[in-house]
Amino acid sequence: MTNPLLTPSPLPYGLPPFTSIENSHYAEAIDAGLAEHLAEIQAIVDNPEPADFENTVVAMERSGRLLERAAAPFFTLVSADASERIRQLETEFSPRFSAHQDEVFLNRALFERFAAVDASGRDPESVRLLEEYLKEFRQSGIQLDGPGQERLRAINAELARLGTEFGQRVKEGMKSAALLLDSPDELAGLPADDVASAAEAAREAGHDGKYLLTLVQPGNQPALASLADRNVRRRLFEASVARGSSGGELDVLDLARRMAGLRAEKASLLGYANYAELVVDRQTAPDFGAVQSMLGRLAPAAVRNADAEAKALAAVAGHPLEAWDWAYYSARVRKERYDVDEQALRPYFELDTVLADGVFHAATALYGITFHERTDLAGYHPDVRIWEVRNEDGSGLGLFLGDYYSRESKRGGAWMNSLVDQSALLGTRPVVINNLNISKPPAGEPTLLTLEELRTAFHEFGHALHGLLSSVTYPRFSGTSVPRDFVEYPSQVNEMWIMWPEVLSNYARHHVTGEPLPQDIVDRLEESRLWGEGFATTEYLAAALLDLAWHTLEPGDVPDHALEFEAKALEAAGIAHPLIPPRYRTGYFQHIFAGAGYAAGYYSYIWSEVLDAETVDWFSGNGGLTRANGERFRQELLSRGNSRDPLDSCRALRGREARLEPLLKRRGLE
């Protein structure tokens, strides 16, 4: 059989032909893609003509198409549907991809051609493209001597290997830590559909007649808010926070220590004080000191709010509070103070209705785009659904894939990724995916979302919009290819439509009766908005500060004991709370150790939220959900990707610099 990845996909928008791809095809196509890309790079270097923008910079942008065509669907499977063979291939290829990146950006002859290019007179996007390439060469170590480059290559390869191993252990650890229960009595308080999902999960795992509480990625598990049995809550909580740090083959603490040490050495090689300094140099934050200053300003106020919440919880509980009690009694307080029962809201948030009449409805109202399900197209798993997205004039914009249910082959959490990037240079239109981890109900039963899952659906679709509405020339700048501390901003803005009256009234309807969510409940939800912000902000900041603690180490200062280091780091940052562990502890902090995606960058969520809070104020003060507002947000920000400084896009939208005050107000931290 001919390998379908070796030639451009014949499917609409270049959707990979998943039904025709076998595992062996990935290996063959990636091998061929790596070789072809290096040959394309060598052709740029060997060009006898003097270096200019077209024969060097544009040629670079056009290179690597086969590799991208093979790698994008492969790494989609790595995250969303990894078989044993796919995991083996990931282990094999991750160091090779790292080495390939070094082959490109440590190529001195290639760098010298880029350095010789004169981009004066070019359009701003082209000038920025050259500047960004030169910056990447320098941050990749082109200035190092031979031995320095060799050591850097070795570090990068080892980090890639360790990151892959960390991610695979965390995925297995989340599965093995699931709590198996014998009796439905132990699930008292849990909604009936969650009980049914637990029974179905147990059946699929080979435990007919029992109940399996599967885990989500963060430490705090959703079921803790409902389970009446305190001992079951304790067991679930302890299983969750002990992941990756209890010894045995799935323990990752030694991997984390080794990665922290290698990153410290890498930063030192490149001339930075620590790895955090290196990372922030690539972001929108002006410097690492600005990040530290913001987090330091927020932490004490967050802990004060959390302490006030803890007193209220202890009064309701009537006994000394433990960490596994927090979510349960927080739900009690929310119900008693504001008469809000989050579990009772779930019948109003049915997945299909939320998507069609909420998520898509808001996007249509803002941007004029429409969604048309393509059942004639297939994804990589039967659960994947595909929609064609069209512009207001009916022209095709791209494809959106939704993969909403959890499964053993999928990693935890929620994310967006791209299969095809938009680029005017290449004539490509976007194909993007949203992945969530909602428990799949038994066949024929509705999928009812929690408030958190509802928020996640809107959030991740904000990332999808960033990819779908991209309108740039060069693929390097497409969609979400922006600095890490900016990428969360458009997705956070998209959350504002969850409670926007026109949107909420359109999707929040009882899945049986069709009755809308009563207005008095909506009002009480708004009144209760700040309840729990102390916990949420403390939990988040603890993880962000733990991340920075691991990445401000100097070479040789890596601790012998990871959990002791974790505890001391939280205490030193003033964010250690006996009832609130970090959202991610070291043993399952996949964001920062499974690859380098958020390493020294988990602060990005709250840094982006400063921009988000300002933008929500702008939307609200200018009429809200209107086509005019949507068009302005699309043209000035979503369409731009990284084709200009993202903060310039924010200034163009808002008319001034962002301020911290709207965020402080939102989180009750004034």
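Ser-9 counts as buried, at 18% relative accessibility; buried means under 20% relative accessible area, exposed over 50%, and partly exposed in between, with a 1.4 Å probe and protein chains only. Before I go on, this is a predicted model, in which local features need pLDDT of at least 70, side-chain atom pairs count only at pLDDT 80 or more, and totals for chains, interfaces and linings use all residues. Residues are numbered from 1 along each chain as its sequence is written, and side-chain values use heavy atoms, with hydrogens and water left out.

Back to Ser-9. This residue is found in the segment before α1. Helices (H or I, at least four residues) and strands (E, at least two) are DSSP runs, numbered from the N terminus. A polar atom of the Ser-9 side chain lies 3.1 Å from the backbone nitrogen of Leu-11, and a polar atom of that side chain lies 2.5 Å from the backbone oxygen of Leu-15. For such polar contacts the rule is a pair of N or O atoms within 3.5 Å; within protein, one must be able to donate a hydrogen and the other to accept it, and residues adjacent in sequence count only if both atoms are side-chain atoms. Leaving aside neighbours within four places in sequence, Ser-9 is in contact (heavy atoms within 4.5 Å) with Gly-14, Leu-15, Pro-16, Pro-17 and Arg-69.

Next, helix α5, residues 108-116. Which of its residues are buried? They are Leu-110, Phe-111, Arg-113 and Phe-114. Seen down the axis of α5, these residues fall within an arc of 160°, so they line one face of the helix. The arc is taken from the directions from the helix axis to the C-beta atoms. That buried set packs against α1 (23-46), α2 (53-62), α4 (84-105) and α6 (124-139). At the start of α5, Asn-107 has a side-chain oxygen that reaches to within 3.2 Å of the backbone nitrogen of Ala-109.

Helix α25 can be described in the same terms. Its N-terminal end is capped by Asp-645, with a side-chain oxygen 2.9 Å from the backbone nitrogen of Leu-647. Buried in α25 are Pro-646, Leu-647, Ser-649, Cys-650 and Leu-653. Viewed along the axis of α25, the buried residues fall within an arc of 150°, so they line one face of the helix. Their cover includes α6, α17 (484-494), α23 and α24 (627-636). After α25 comes Gly-655, with a positive phi near 85°.

On a 1 Å grid over the protein atoms alone, a cavity is a set of points where a 1.4 Å probe fits but cannot get out, and a pocket is an open set with protein on both sides within 12 Å along at least five of seven lines; lining residues have an atom within 4 Å of a point. Grid points are joined across faces, edges and corners, and a volume is the space filled by probe spheres set on the points. The second largest pocket holds about 280 Å³ of space. Its lining has 18 residues, of which Val-610, Leu-611, Leu-647, Glu-657 and Ala-658 lie nearest the centre. The elements giving two or more residues to this lining are α23 (604-621) and α25 (646-654). By class, the lining has ten nonpolar, two polar and six charged residues. Here Ala, Val, Leu, Ile, Met, Phe, Trp, Tyr, Cys and Pro count as nonpolar, Asp, Glu, Lys and Arg as charged, and the others, Gly among them, as polar.

Helix α23 also holds Asp-612. Is Asp-612 buried or exposed? Asp-612 is buried, with a relative accessible area of 2%. Not counting residues up to four places away in sequence, Asp-612 touches Tyr-489, Gln-492, Val-493 and Arg-666.

Now the cavities. The count is three of 30 Å³ or more. The largest cavity contains about 50 Å³ of space. Residues lining the largest cavity include Phe-237, Trp-326, Phe-535 and Glu-539. That lining has seven nonpolar, two polar and one charged residues.

Asp-339 has a phi of about 55° and lies in the loop between α13 (326-338) and α14 (342-345). Asp-339 is partly exposed, at 42% relative accessible area. Ala-600 has a phi of about 60° and sits in the loop between α22 (590-593) and α23. Ala-600 is buried, with a relative accessible area of 0%.
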